[in-house]
Amino acid sequence: MTARPPKASGAQLRELAQLRRARAASGGCVPGPAAALRGENGLSAPVAPAAGLRREILPVPSALSPLLPEGGLVKGTVAAYTGAGSLLAGLLAAVTESGGHAAAVGLPRLGLLAAVEMGARLDRLAVIADAGRDPVEVAAVLLDGMELVVLGLGGGAVAPARARVLAAKARGKGAALIVTGGSWPAPDLSLEAKVSGYTGLGTGSGRIRSIALDVEVRAESGIPQRGRLVARPLSGRVEWTVPGDAATGDGNAPQRRERSVAS
């Protein structure tokens, strides 16, 4: 004899009717309940995460993007930064210009004017130049509402246990944390930027028109990435470019030859 399929229960029939009514009302675009995957023994099988999914990232200056493992600052990670403050200003500018919120803690010498010239929105940037005796605690509070927090350690070292707590909070809040001016154990990413040259200065006179930085990016695993970035005025603002870009200068004066400086 041919086995008959089991009859649907009253609850199942009501759910099916509700789905049909919703489908008809919306033009047939309402998804039904997801079917559970079954293993060989008929039991529900665990669903494996899709391979190759990109983590959510924050924007960075376009010239820096090729040096970073995922093309930007990954939310929920900690990066250690050393070197020129101009690139830090560029990172803050990239996040706030794109609509995000950022904070700078314990960085009294941060160039706000430079950040604005790079596109930063001051209404989306919180600056706590003097964070008191415990800037780490101030940064922990700001992680609650910011996409990016840049923390100046003032030459101090953060204990591993406390660093793990703050890193866990950054992951939980989906924020990126950049620490600079001190020691942080085992960051997810390390960035170093050294001034390598400039243009615009003549013999004892003139104004600096562009600054070149040699940048090195080191991830937890993988080969360090190195490149040169140049900050120069373009179309009324300061842009980060790579040497050899066709668009150089702002069109108001000829560029002088780049001069090197000691690293």
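Q: Where is S196 placed?
A: S196 lies in strand β8, which covers residues 189–201. Strands here are DSSP runs of E with at least two residues, helices are runs of H or I with at least four, and both are numbered from the N terminus. This is a predicted model: local features need pLDDT of at least 70, side-chain atom pairs count only at pLDDT 80 or more, and totals for chains, interfaces and linings use all residues. Residues are numbered from 1 along each chain as its sequence is written, and side-chain values use heavy atoms, with hydrogens and water left out.

Q: Is S196 buried or exposed?
A: S196 is buried, at a relative accessible area of 9%. Buried means under 20%, exposed over 50%, and partly exposed in between (1.4 Å probe, protein chains only).

Q: Changing topic, how many salt bridges are there?
A: The structure holds 13 salt bridges, each a side-chain nitrogen of Lys or Arg within 4 Å of a carboxyl oxygen of Asp or Glu.

Q: Which residue pairs with R162?
A: R162 forms a salt bridge with E137, with the closest N and O atoms 3.7 Å apart. The pair links distant parts of the chain, 25 residues apart: R162 is in helix α5 (residues 160–173) and E137 in helix α4 (residues 135–142).

Q: And what does E192 meet?
A: E192 meets R218 in a salt bridge of 4.0 Å, N to O. R218 is in strand β9 (residues 206–219), 26 residues from E192 in strand β8.
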